[in-house]
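Here is a short report for a first look at a model.

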Amino acid sequence: MKNLLFLPLIIPLATAVLGLLAWNQRKFQRIAGICSTALLSVTAVLLLLEVQQHGILSAQAGNWPAPFGITLVADTFSALMLLATGLMGLCVTVYSLADADSDQEARGYHPLLQVLLLGICGSFLTGDLFNLYVWFEVMLIASFVLLALGGKREQMEGAIKYVALNLIASALLLAGIGLLYGVTGTLNMAHLAIRLQEMPHTGTIPVIAVLLFCAFSIKAAVFPFYFWLPASYHTPPIAVITIFSALLSKVGIYVLIRVFTLIFPQETITGQPLILGAAGLTMLFGALGAIAQPELRRLLSFCVVSQIGYLLMGLGLMTPLALAGSIFFMLHIMAAKSALFLTSGVVARMSGTTMLKELGGLYKRYPLLAVLFLVPALSVAGIPPLSGFWGKLALVQAGLQSEQYLLVAMALGVSVLTLYYLVTAWIALFWKNQPADAEKLHHLPAVRRGQMIVPALLLALVSLVAGLLPEPLFRLCHIASEQLLNNDAYIKAVLGVTQ
Amino acid sequence: MESMLAVVIGGLYAAGMYLMVRRSIVKMIFGLALLGNAANLLIFTVGRLTRGRPPHVPADGVLSALPVADPVPQALILTAIVIGFGVQAFALVLIKRVYQTVGSDDQDVMVTENQGQEKLGQEEER
C-alpha cells in the first residue's frame with residue numbers, strides 16, 4: 001500500500017501532461033480535470049483510512065534508504081490536507097466550467113490548475129526540506145501563470161507584486177535550507193529533528209529558524225508580510241482566487257506547523273511571544289483592512305489574511321487542543337471561505353461589478369443566493385452551530401488554558417469585526433435597494449448557473465455539516481495534533497528507528 | 001577562501017536588496033536574480049569548501065584522507081540554478097508584458113484605477 005503515497009503526485013502530473021498533449025481539446029481537458037480531482041479525493045480518503053489503521057506511512061523514492069533519498073510521508077494532518085485539496089480542486093474545476101472564458105482555456109488553464117495541485121500535494125507529502133523547496137517552486141510557477149493569465153492591466157500589476165514577494169521568500173527559504181544543511185549535514189525532516197535534539201540551540205540554529213519562519217510567513221501572508229496578498233488576490237478570475245486563498249496560503253501555514261513542531265519545537269517555545277504577537281496582529285490588521293474596502297474581492301482578500309492569524313495562533317500555543325483547533329479551523333476556512341468566494345463570483349457575473357456601492361437588491365430576485373452567501377459568512381465569523389464556531393471555541397479554550405488572555409481577547413474581538421464587515425457586505429449585496437443607476441442584471445443560463453452554484457452549495461453544506469456534527473472531524477484533528485506533538489512515531493516511520 | 005566568499009555573498013545580498021528597493025521593475029528583477037545567486041553561493045560555502053578531494057569512496061573501500069568532498073550542496077545548487085533560470089525567464093516575460101500594458105516600468109505608476117486611490121506617482125516622476 002506504500003504506492004498509495006505516490007498517487008496524489010502521479011494523478012495531477014499525468015492529467016497535466018495529457019492536457020498539454022491535447023492542447024486544443026478543451027472538452028477533454030475539462031473532463032480530465034474533473035476526473036483527476038475526483039480521483040485525488042478518493043485517493044486522499046484511502047490514504048486517510050490507511051493512516052488511521054496502520055499509523056504514519058512513509059515511502060522512499062527510488063528505494064534510497066531514508067536520510068539519503070527523498071522521503072514521502074503521510075500522517076493524519078497531511079492526509080486531511082490532501083483530502084481538502086482534492087475536494088477544493090474538484091469544486092473549482094467544476095466552477096471553472098462556467099467561469100473560465102475560452103481565452104483562458106485556450107492558454108492552458110486546466111493543465112496549469114493540475115500543475116498547481118501537483119505542487120500543493122507534493123508540499124503536503126514530502127519529508128525532505130529541499131524537496132519541499134522544489135514543490136514550492138512548482139506551485140509558484142503555476143500560480144504565477146494562472147495569476148497573469150488574461151493579461152489585464154490590474155492582473156499585471158498584481159502579478160508583479162506577487163512574483164516579487166514570493167521570489168524573495170524563495171531566496172530566504174533557500175538560504176535557510178542551505179544553512180541548516182551546513183549545520184546538521186542532512187535535509188530529511190525526521191533526521192533533522194533527531195540531529196537538532198542532540199545539538200545545543202545557540203548561535204546559528206535560532207537564526208535559521210527565524211529565516212525559515214520569515215520565508216514561510218511570506219508565503220502564508222502573516223503579519224507583517226501580508227501586504228502582497230490583498231494587493232494581488234483581487235485581480236485574477238474568482239475561480240483562481242478561490243484556489244489560491246483556499247490552498248496556497250494554507251500550504252504556508254501547513255509547512256509552518258510541520259517544520260516548527262517537528263524540527264524546531266524548542267524555538268517554537270522560546271519564540272512563543274513572537275509567534276502569538278504575529279498571530280494576533282495578522283487577525284487584527286486583516287479585519288481592519290477588510291472593513292475599509294469598498295470592493296468585494298478586496299474585502300474577501302483581507303478576510304483571508306485575518307483568518308490566517310487564527311491558524312498561527314494554534315501553532316504559537318503548541319498544546320494538543322490548540323493544534324487540533326488550528327487544523328479544524330484550517331479545514332473549516334477552506335470550505336467556508338471558498339463558498340463565499342464562489343458565491344461572490346456568481347454575483348459578480350450577474351451584476352457585472354464587484355463594487356459594493358453599485359450592488360444591491362439581489363435578495364428580491366435571488367433569495368437562495370442570499371442564503372448561500374450568508375451561511376458561509378456567518379460560519380467565517382464563528383456563529384454557532386456552523387463550523388467556524390467549533391474551531392474558534394477550541395482555539396479560545398486552548399488560549400485560556402495557556403493564560404494568553406490578551407490574544408484570546410483579540411481573537412474574540414476580531415470575530416466581532418469579522419461579523420460586522422461580512423454582514424455589511426451581505427447587506428450591500430442583497431438587502432439594500434439596488435442603486436438607481438445600476439446596470440441591469442445579466443441572467444445566466446440554467447446549466448451555467450448550476451455549474452457555478454453547485455460547488456458553492458457543496459462547500460457551504462460541508463461547513464454546515466461540520467458545524468452540526470463536529471465530533472468525527474474533530475477527533476481526526478485531535479489525532480493529527482497528537483501525531484504532530486509526539487515526533488517519535490513520525491521519526492520511526494521515516495527512519496525505522498526510535499530516538 | 002571562506003572569508004572571501006563571505007564578503008562576496010554579503011556584497012551580492014546588499015546589491016540585490018539595493019536593486020529591489022528601486023522603483024524600476026527591471027532593476028527589481030536584477031535584484032531578485034542577485035538574491036538567488038547569493039543564496040546559491042551561501043549553500044556552496046556552508047557546505048564546506050574542500051579542494052581536490054573525491055566525493056566517493058574508492059572501490060577498495062579505503063578512505064585516502066579526510067575530509068571527503070560533499071556532493072550534496074552542489075546538487076542543491078544545480079537544482080536551485082535550474083529553478084531560478086525558469087523563474088527568471090518567466091519574470092522577464094512578465095515585466096515585458098507589464099511594460100506593454102502599463103506603458104512604464106515605474107512601480108509608482110502601477111496603481112489600479114478602481115482602487116479609489118489617486119495615481120500618486122505620476123506627478124512625482126523624476
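Leaving out neighbours within four places in sequence, Leu312(A) is in contact with Val222(A), Ile253(A), Ile275(A), Ala278(A), Ala279(A) and Thr282(A). Contact means that the C-beta atoms of two residues, placed from the backbone, lie within 7 Å. The model is predicted: local features need pLDDT of at least 70, side-chain atom pairs count only at pLDDT 80 or more, and totals for chains, interfaces and linings use all residues. Residues are numbered from 1 along each chain as its sequence is written, while chains are lettered from A and ligands numbered from 1 in the order in which they are written.

Leu312(A) also belongs to the largest nonpolar core, which has 228 residues. Those with the most contacts inside this core are Leu80(A), Leu116(A), Met139(A), Leu312(A) and Ile327(A). A nonpolar core is a set of buried Ala, Val, Leu, Ile, Met, Phe, Trp, Tyr and Cys residues joined through C-beta atoms within 7 Å. Buried means 20 or more other C-beta atoms within 10 Å of a residue's own; 12 or fewer is exposed, and in between is partly exposed.

Two helices can be checked for length. Helices are DSSP runs (H or I, at least four residues), numbered from the N terminus.

In H13(A), the buried residues include Ile275(A), Ala278(A), Ala279(A) and Thr282(A). The cover over the buried residues of H13(A) includes H10 (228-232), H12 (265-270), H14 (296-317) and H19 (405-431) of chain A.

H19(A) also meets H18(A) (residues 387-401): their axes come within 9 Å and cross at roughly 155°. That makes H18(A) roughly antiparallel to H19(A), the term for angles over 145 degrees. By class, this contact has seven nonpolar, two polar and one charged residues.

H2(B) is mostly covered, with 17 of its 22 residues buried. Just after H2(B), Arg48(B) takes a positive phi of about 70°.

How many residues of chain B are in contact with chain A? There are 29, and they touch 26 residues of chain A. H2(B) and H3(B) (71-102) are the elements giving two or more residues to this side of chain B. H3(B) gives the largest share, 15 residues.

Methods:
Axes are lines fitted to C-alpha atoms, for helices over the stretch in contact, and angles run from 0 to 180 degrees between N-to-C directions. Angles under 35 degrees count as roughly parallel, over 145 as roughly antiparallel, 65 to 115 as roughly perpendicular and the rest as oblique. Ala, Val, Leu, Ile, Met, Phe, Trp, Tyr, Cys and Pro count as nonpolar, Asp, Glu, Lys and Arg as charged, and the others, Gly among them, as polar.
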